Amino acid sequence: MKIDVKYSKADAPAQNEIKEVQEKSIEALKTLRAGNGAGNDFLGWVNLPAEITEEEIRRIELTAERLKKKSEVFVVAGIGGSYLGARMVIEALKHNFDTLLERKNPTIIYAGNTMNEDYLADLIDVLDKKDYSLAVISKSGTTTETAVTFRILRNHITKKYGKKEAAERIVAITDKEKGVLKSLADKEGYDTFVIPDNVGGRYSVLTPVGLIPIAVAGFDIRQLIAGAKLQREESLFNDSAESDAIKYVTARNILYNKGKTIELLVNYQPNLVFLSEWWKQLYGESEGKENKGLFPASVSNTTDLHSMGQYIQEGRRLMFETVLHIEQTGRRLPIPEQEIDDDKLNYLKDFSLTQINHKAEEGTRLAHLEGDVSQITLSTEKIDVQTIGRLIYFFELCCGVSGYVLNVNPFDQPGVENYKKKMFSLLGKK
Ligand code: PA5
């Protein structure tokens, strides 16, 4: 992985500005490592990749194998940090059109992240016809979207298979003792996995929250953890200004200090859309508090160059871009050369689609720099399960460190409670 920063003319910082933010970023990393900053009771994720035991990995794998055998469909019921991590990894690694192909692993379907009645009713139509199992994932065990969805699905699966078999098709992933989900799971005899007390939802992808769905989808959780572990070794203990993590934290905070209010995560491949969704939740919930923080947004190019591209080039100068540059794609698809150049595309005969995509990326970078949009580029060789593990740890670490630079607690989310209180009062909940 490599971070490269190009400031636009308008944003170019002086040497002393860079140095000041670099020093703050290094101090913030040391605070995180020492565990004496705000929210330090939620730092369990820092050592997860190094501390997860063989016993836990094996139990996750065995459970996933058992569920795979029974299921054409696997429903993941969870919201926010209780589903975005798993979805990011699975979407990044799966075949883009897997639901239309013969497959050996269950199709993963996400629920419990919306209260839209049509969505769940449509899902029930599918579950009537398919063999399925499900994971209910909620750290608090009380989140309304997930709890209501689970009540409906629990009734459905019990009617379909009977109580005993239904219990064997349900996995509960929740807190070790608090919340109604834990007591319900114990009463019904569901397989239960624990989300550690000291790991918050949006930092929980490397716990059973992410690992169970990822394993059921057929991906190698050992390689995912190995990638995160490598990144931990590279970034957690590196206090140099040349560390990629320090470079990223420094650049985004310099741009924030310059008055930028939006960080746009830019990808050039549709299987990374959920990487952006996960990243947005991670940074939005961690930094957006006390009237501070960059607003995390995203575009998926070149698709969005034909929708948001105009605004980015010429609209209000609010944003900078963090571009994910992926050097190689997994597949090759030659553009056929034609004897009669009737569509005038023979000039592309020496390029692969990936090379053309890279030229679009380069052209966009130049155009946006001209339009005063500064660019942080995060380059990586390819997207595979290890790289995704690296990206998870990299972004989590930088998020915690950045939160400390901003002087907020990056591990709480007090603002999320407000809508819940208002909704409960409207619903008459006691
Ligand atoms: O990051 C967080 O803490 C939140 O996004 C939670 O993951 C989300 O609100 C779901 O909470 P729970 O797992 O308690 O149902």
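Let's start in strand β5 (residues 170-174): five of its five residues are buried, so this strand is largely enclosed by the rest of the structure. Keep in mind as you look around that this is a predicted model.

**Inside strand β5**
- Ile170, Ala172 and Thr174 point one way from β5, while Val171 and Ile173 point the other way.
- In a regular strand, side chains alternate between the two faces of the sheet.
- Whichever way they point, these residues of β5 are all buried.

**The partners of β5**
- Strand β4 (residues 132-138) runs parallel to β5, and five bridges join the two.
- Within that pairing, Ala135 has Val171 of β5 as its bridge partner.
- Strand β6 (residues 191-194) also runs parallel to β5, joined to it by four bridges.
- Here Ile173 stands opposite Phe193 in β6.

**Strands β7 and β8**
- Six bridges link strand β7 (residues 262-267) with strand β8 (residues 295-300), and the pairing is parallel.
- One of the contacts to look for is Leu264, whose bridge partner in β8 is Ala297.
- Between these strands the chain passes through helix α12 (residues 273-287), and this β-α-β crossover from β7 to β8 is right-handed.

Technical notes. Residues are numbered from 1 along each chain as its sequence is written. This is a predicted model: local features need pLDDT of at least 70, side-chain atom pairs count only at pLDDT 80 or more; totals for chains, interfaces and linings use all residues. Side-chain values use heavy atoms; hydrogens and water are left out. Two strands pair if DSSP finds at least two bridges between them. A crossover is right-handed if, with the strands pointing away from the viewer, the path from the first strand over the helix to the second runs clockwise. Buried means under 20% relative accessible area, exposed over 50%, partly exposed in between (1.4 Å probe, protein chains only).
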